[in-house]
Amino acid sequence: MTSISTSALSAAPRLSVIQAQNALSKAQVELSSGKLADIGLGLGSATGTYVSLGVQSGRLQAVKSSNATTAATLTAVTTSLDAMRATASQFLDQLTGTGSSASTSDILADVAGSNLAALTASLNTSVGGNAIFGGLNTAEPPLTTYTATSPAKAAVDGSFASSFPGSTPGSASAASISGDAMQSYLDGAFASLFSESNFEGTWSSATPGSPLPVTTAQISPTETIPTSVNANAQPFRQLAQAYAMVKEFGHANLSSDAGQAVIASATKLVSAAMAGLTDAEAGIGLSQSAVSAADDRMSAQIDYLSTRAANLVGVDPAGLATEISGLQTQIQASYEITSQLQQLSLVNFLK
Amino acid sequence: MSLSTTLNIAQNALATNAALSTIVSRNIAGVNDADYSTKTGQVETTFDGGAQIAVIRGATDDALFGHLLGARSDAASAQALSDGLTQIQQTLGLATSTAADGSAVDTSPATLIGNLSGALQSYAASPANATAGQAAVAAAKALASNLNASASAVQSVRAQADKGIAASVATVNALLTQFGTANTAVMNATASGIEGSTALDQRNAILKSLSSQLGITTADAGNGGLAIYTDGGATLFQGTARTVAFTPTAAFTAAVTGGAVTVDGVPVTGDSATMASKSGAIAGLAQLRDTAAVAYGDQLDQIAGSLVTAFSESDQTGGGNPTIAGLFTDNGSPDLPASVGNLAATLTVSAAVDPSRRGSVTLLRDGGINAGGNPAYTANTTGGASYSAHIIATLAGLDASRSFDPASGGLAKGTLADYASSSVSWLENSRLMASTLSTDKAAVMTQTTTSLSAATGVNLDEQLGKMLDLEHSYQASAELITTVKSMLDALLAAIN
């Protein structure tokens, strides 16, 4: 350039100050937040990646929180199953402890009655308003209490009456029932009361189906596990059958053969039920460990995603501090030049 | 040669000095005027040896000036596009802060879709929990209203651009009229030989303002006049000013296309323009209104369409009932929309499932949201409170891979969450490119302005220096006159 105008001369430091001030304010925002001042301008087409990292992280967080609820449900199921198994085990001891005499007694019948009530209470366990053994029908407790007026009792009475007309379980005429007759009744008409379809009609309102539907939970984006056991499952039916059997037919008024038939059937049922309960508990245990493993995996994933996202938008504070001090120096220099240029005018010398 | 000749020459010199001083004072007055070019008086020798001002020229640099016009147009169009895209991207709500657990807190459709997935996830884990269901419906409503708001922001940016074009066109027409006057003045000055540099400065100032509105090129039209053409080739001024016409549009939706700007009857904006303008505010605003904003609006519509499809409900019994809309509807209608055009603006959560409009949240769990009681659409046939299969199937549908139209930017095939993220990427990338272009062009414009000013602007010290020279030569001429006067006095004294 061979010429320069006065306005061009004074414009240069002015523009430099404006640019430096813009850069300075942006750098200060970045320094205080530790992240890019304008994420879109800083990342450009990688902004979608950044957003989807946050989305994935949030999704995993949601799964983790729902896993807490799932874990609580699983714990409640395990506790109930444990209680049922313990009661059954005690009852089994009492059944076998009657010895070779194997006689029924009123005490045994009462114990069976209270065990049946405990079974009902356990199967009606509710967590957060949900009846956990109700299959999908968790709005109401599945088992109706076995009382003198419940349909279950009516069914039992009805089947006894039709098999042994004219007598009731507690009457003196029941003493004439032979062991074989009692055995065939217990294996036949009485057992059919506790088939899945009959049980669902009279004893339980848990969701029927084949296979029995249970609540499931998605514990990670790829895994779904069952979180409970349906009250219509075989171990529960076997326990109900055994307890009802001993409660109704376990009184002392039966003949010794019939009494032995009752005790033998009940023992078989309770043993089978305990094996079934152990299996169910094992299944729930598997679910519990799956939940905790999924939680651990997801925590690691969430950490990784957060770190990646932070790296994308993070800024280097040391570099920023250097940049800020450089900009401040530049602004200072522009100010000095501006004031010196003002003095460098021929006007000041033409006196 | 005689003393009277000397006297004449000295008197001429005084007059010339006075005129040159006037030029210096005009220059000093124009120090801070960006449109003022330094005037120089060209002194020539007269027939008798004296000096007079032949012509007053202004400093010019045509190459730099042409360059400046281009730079101003480019800066204006880049700025218009960048500002519009910045406004649209504010609907994304990308903040510098993030939540403590690392989840996203922005309001982009991508994040809100993720929130909806999370809420549905929680609902699937405890389907009997009405609060979880309400949270899922609330997340759906947040997503729908965000899409509505984003679509509305896109259309309002288009409407603003349309208004901007209307204002620009009015400015262009006014400037062309002024140009006609200034051009005539320059041609008259050239023809009659009087000083035309002031008229030239005025004409150049008008050209600079015009270049911000529309990219222009100039051509010599003879006799010192100029003709103006747009950078696409349409005629703006040739002898007389041509009309630049534009019909504004009152309201914009995704289906509405804005009007084109016509220069002398030739359209210079829009897809059908053969002589499209490439720079200037009008071109930038037209690109924003017709291309960039429309593309993003289409991406939003595709997201809305995929939401309606993902949540649509089909006949659970295998009968012939048609698939109907589920959680997300086109303005409440149970029918699936025929096309996705403008769907982002009309997307609403079905009232049948919205508790705030007396709907029932359990329909989300059971199915048959818009079935009007028709049991064919109900998935939860047993009515169990913890039935989670339908919600899990809905979640799977949301996470399924589907096809999209890639013409507007964004993925061609992927999950809805992926497409929404790619839409964010597209928008921010476009904005980054426009912003970088705008910064670069602004820098070029500043540089060119400074260079032009350096070449043609006034240097105060130079003028003051000339002032000193003129002062001395004036003194010298005045001294000469005094000397000649004393010589003549001596002669007359000798005669008397």
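These questions and answers concern chains A and B of a predicted model.

User: Why is Thr78(A) called buried?

Analyst: Buried means under 20% relative accessible area. Thr78(A) has a relative accessible area of 16%, so the residue is called buried.

User: Where is Thr78(A) placed, and which residues is Thr78(A) in contact with, leaving aside its neighbours within four places in sequence?

Analyst: Thr78(A) sits in helix α3 of chain A, which covers residues 47-97. With those neighbours set aside, Thr78(A) is in contact with Glu281(A), Ile284(A) and Gln288(A). Contact here means heavy atoms within 4.5 Å.

User: Which residues are buried in helix α9 of chain B, and how do you know that they line one face of the helix?

Analyst: In α9(B), residues 389-398, the buried ones are His390(B), Ile391(B), Thr394(B), Leu395(B), Gly397(B) and Leu398(B). Looking down the axis of α9(B), these buried residues fall within an arc of 160°, so they line one face. An α-helix has 3.6 residues a turn, so residues three or four places apart point the same way.

User: What is the secondary structure of chain B, and how do you know that chain B is more spread out than a compact globule?

Analyst: Chain B has 11 helices and 13 strands. For 496 residues the globule rule gives 23 Å, but the radius of gyration of chain B is 37 Å, well over that value, so chain B is more spread out than a compact globule. Its C-alpha trace spans about 145 × 50 × 35 Å along the principal axes.

User: How many of the residues in chain B are buried, as a percentage?

Analyst: Buried residues make up 46% of the 496 in chain B.

Technical notes: Residues numbered from 1 in each chain as written. Chains lettered and ligands numbered in written order. Predicted model: local features only at pLDDT ≥ 70, side-chain atom pairs only at ≥ 80, totals over all residues. Heavy atoms only, no water. Buried < 20%, exposed > 50% of the residue type's maximum accessible area, 1.4 Å probe, protein only. Helix = DSSP H or I, 4+ residues; strand = E, 2+ residues; numbered from the N terminus. Arc of directions from axis to C-beta. Rg over C-alpha atoms; globule rule 2.2 N^0.38 Å.
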